[in-house]
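Subject: Structure handover

Hello,

Here is the structure we talked about. My notes on it follow below.

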Amino acid sequence: MTSTVPAPAWTAVCPLSAIEPETGVAALLPDGTQVAVFRTRDAVYALGNIDPFSQAAVLARGIVGDLRGTPVVASPMHKQRFDLRTGECLDDQGVSVPTYPVRVVGGTIQLGRP
Amino acid sequence: MTRTVVVVGHGMVGHRLVQALRDRDAEGAWRVVVFAEEGRPAYDRVALTSYVDDWDAARLELDGARYAGDDAVALHLGDPVTAIDRAARAVTTASGRVQPYDALVLATGSAPFVPPVPGRDLPGCHVYRTIEDLDAIRASVERARTGVGRGSAMVVGGGLLGLEAAKALRDLGVSPHVVELAPRLMPLQVDDGGGALLKRLIERLDVTVHPGTSAAAIEADRGRLLARLANGTELDLDLIVFSAGIRPRDQLARDCGLGVGGRGGIVVDAACRTTDPAVYAIGECALADGRVYGLVAPGYAMAEVVADRLLGGAAEFTGADMSTKLKLMGVDVASFGDAHAATEGALEVVVNDAVAGTYRKLVVSDDAKTLLGGVLVGDATDYASLRPLVGRPLPAEPGALLAPAGGGGGVGVGALPDEAQICSCNAVTKGDIRGAILEQAADDVPKIKACTRAGTACGSCVPMLKQLLASCGVEQSKALCEHFTHSRAELFEIVRATGITTFSELVARHGSGRGCDICKPAVASILASLGNGHILAGEQAGLQDTNDRFLANLQRNGTYSVVPRIPGGEITPAKLMAIAQVAADFGLYTKITGGQRIDLFGATVDQLPAIWRRLVDAGFESGHAYGKALRTVKSCVGSTWCRYGVQDSVGLAIELELRYRGLRSPHKLKSAVSGCARECAEARGKDFGVIATETGWNLYVGGNGGTLPRHADLLVSDVDKETLVRVIDRFLMFYIRSADRLQRTSVWLDSIEGGLDHVRDVVVHDSLGIAEELEAQMAEHVTGYADEWAGVLADPEKLARFTSFVNAPGAPDPTISFRAERGQSVPVPLGIPEVVSR
Ligand SMILES: Cc1cc2nc3c(=O)[nH]c(=O)nc-3n(C[C@H](O)[C@H](O)[C@H](O)COP(=O)(O)OP(=O)(O)OC[C@H]3O[C@@H](n4cnc5c(N)ncnc54)[C@H](O)[C@@H]3O)c2cc1C
């Protein structure tokens, strides 16, 4: 008989201080999914790390900034920008990357299941 | 029925006629047969002197000069017309062809006038009109090179063409003497005051001027030439160029009984028709209204008249503007309208500023209300705004118009009526240009050029085009991005002047928002150019593009490539083995680059420090292949080994590469050094390229390969190493200061106001007085240099960033896999999972 242990709702990833403000890092979830975690001056965001245009797992290495006030990351591969809040690509309508629930508890960043 | 027009001569004007006729002859009324004496299609003779820059004749060819795909035009190259039979209406050519015509157009141009000096036919005596003439001059210069010291040359004639020839000779590394019969240079264009200043400015540039005398005799003297001037001076020379005026080529017309002028030139009426109504003459061979026009714009106007007449029109040639503006060896000269105050009662207003080195004269009507003409020497910025005012009421006091250069007394385009000509080369009026901007949506200078042809010939009206864009409400934004309204050059100045060292402070004080992938790397580069420590220190890391952030080049599957520096392409077997061992141990795909070094592909982020630990231990340092920075200084093997080499190109390349390594700039910088004129290192395809001469080095700047290849232009010639390095220091720093983001030196040179001449003024003649500052800045870079990779390896905080996953430092990235191709690892195209061990 097999019993399924429910995965915990939140996975601790790293201390907030491990991410420089206005940059991102990649994290590996237990199921093998890669998540790009970004820290801006005032918030933390989590998107899928795979750039949908090149299929390469690189979004975490993009430059973080804003497009007319919207927080974005630009893919390091071909520079398309993604809204950090929604995962939507702002340069190509209809393309988007998944977003993940993220929170900071006691100085630690935790990712939730989408 | 289709009729035949035969065009004799495929020069600038002959070609313009064919173009104009073909553009307008919608019904195909005319078949065009062109006979050309020269063996190549029409080329830009006005730009002939620039041939010396790259010896690339193809670049000078005029647009559309081969009439590709146009069956109505037959172009016979290298087959001159030898006789005209007007009764039979047919021409005979050198190859024996007989071609009947319904209409005949003579566009045979002119020939250089060679004064009857004894010895003028000796080897080493040249004229200056065709590409072949320049090839012959070059051969003479090269022969002279085998002698000792710098070659010397005499140019007979100090007019526009003579000074062009002097410039070409100087660019070829020869010291020219210019002999002019008149008491001043450019006697046709400028007056005595302007001529005196011109002489002073030109002599600063290593050209000796002998005014008021002439060449009396030339003798061969032990393989060289000895010239005696009428004033007794003797000159020991390698070559002589005659450039003492032109004579219309009217022999064909004379032979068939057409009317010619007393001093030459085929007589034509306002329709450009000769004394035979079936025969026209246009360009420099024509005598229109009693004069021969030695400039291309009047010739173009005549071509347009004949095209119109052939199609039944009634256009007339009513004389042309003889205004000229040129920059000779960096010296501005312009003359327009009645420059010599020949109009009855004309008054002259002159400002001769010996200190600033400018001479400015306006000629006005006797009531001082109408502008008649003028002369500008030393600074001709105001030519574009003053010339269209000729014949019109003055917008201000003449004295105010001559106020310090660039002021133009506030004469803007606004003061001009719509019918004023802005581009006199192509006869484009202000109204035409406004029409293009407002109705054809031409919202930048290149589009105006395409719509109207304005600014495509001499380019002097380009500043006016910009003013017109602004006055039509088209904003030429130079803002870097939405976060900064400044251009990159302005931001550079702000950072330099304020000493700001972080992006956050800069954007808070001078920008808005949080920044983006455009301004962040641009500012990071500025901060690095001004020396602000390691490019990954503190906040700087987050500003960098991924390549700079991981000090490696991102590849399509998310891995990186690694390029250690191999200065000058010289490497010991031991170091070569060290690279090979690293590549083998990490399973990296290995390829030799075009810059004489080795690229190792397929490294994951977490492997980079381990790879570099090994490379640094073996004595390597970062090659900055990832940065907008100096890449390599390529070299040929040079005089150490090569039988032909004249200098140690490898030694110099290594020295330059070590001097400028790590220098951050608006775009990547490539360089090369060739040990002789054979140019095996391809230095002229580089941002700065050095080619050895017998006695020193020539420096070329602004070259690049890529989509729009460009040969580098000669900046200085035959200088010693110390001077060379000083000029490169200044050139690179001036580029870093003033270029736009991601603007290669080639584009920068083409877009900076004043172009190469201006850059030479600044970096060689220090016209802005900043040379010392530029040198100091470079000295700071050189002493402050430290290897970026060594810096990372020594700093645990920076090292910690080189992990694939923040929560699983050792875990490999599951999306990355490799397959084998020709015995090496290459990426598996993403989306197709497949793993091979490596
Ligand atoms: C170095 C230099 C710099 C110049 N700079 C300027 C400048 O800054 N501004 C300016 O306005 N002008 C300048 N000019 C002048 C300008 O080049 C001429 O005004 C222009 O080229 C005249 O054009 P064209 O067609 O009448 O003559 P060309 O261009 O000389 O063409 C005439 C052609 O006819 C051919 N030909 C002659 N006889 C025959 C025959 N029997 N059969 C077939 N073909 C024949 C010739 O070989 C030649 O190719 C410069 C000229 C030179 C040489």
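Which residues in H14(B) meet Val523(B), Ile526(B), Leu527(B) and Ser529(B) in H16(B)? They are Arg488(B), Leu491(B), Phe492(B) and Val495(B), where contact means heavy atoms within 4.5 Å.

Before the rest, the conventions. This is a predicted model, in which local features need pLDDT of at least 70, side-chain atom pairs count only at pLDDT 80 or more, and totals for chains, interfaces and linings use all residues. Residues are numbered from 1 along each chain as its sequence is written, chains are lettered from A and ligands numbered from 1 in the order in which they are written, and side-chain values use heavy atoms, with hydrogens and water left out.

Helix pair H14(B) and H16(B)

Helices (H or I, at least four residues) and strands (E, at least two) are DSSP runs numbered from the N terminus. The axes of H14 (residues 488-498) and H16 (residues 519-529), both of chain B, come within 10 Å and cross at roughly 45°. H14(B) is therefore oblique to H16(B); under 35 degrees counts as roughly parallel, over 145 as roughly antiparallel, 65 to 115 as roughly perpendicular, and the rest as oblique. Axes are lines fitted to C-alpha atoms, for helices over the stretch in contact, and angles run from 0 to 180 degrees between N-to-C directions.

Helix pair H14(B) and H15(B)

H15 (residues 503-510) of chain B packs against H14(B) at about 110°, with the axes 12 Å apart, so the two helices are roughly perpendicular to each other. From H14(B), Leu491(B), Ile494(B), Val495(B) and Thr498(B) meet Leu506(B), Arg509(B) and His510(B) of H15(B).

Ligand

The ligand is surrounded by 28 residues, counted when a heavy atom lies within 4 Å. The closest are Glu37(B), Glu38(B), Arg45(B), Arg129(B) and Glu284(B). A ligand oxygen is 2.7 Å from an N or O atom in the side chain of Glu37(B), and a ligand oxygen is 2.7 Å from an N or O atom in the side chain of Arg129(B). At Ala107(B), a polar backbone atom is 3.4 Å from an oxygen of the ligand.

Thr108(B)

Thr108(B) sits in the loop between strands E7 (103-106) and E8 (110-112) of chain B. Its C-alpha atom is 8.9 Å from that of Glu37(B), 71 residues apart along the chain. The Thr108(B) side chain reaches the backbone oxygen of Arg249(B) at 2.8 Å.

Regards

Key: Polar contact = N/O pair within 3.5 Å; in protein donor to acceptor, adjacent residues only side chain to side chain.
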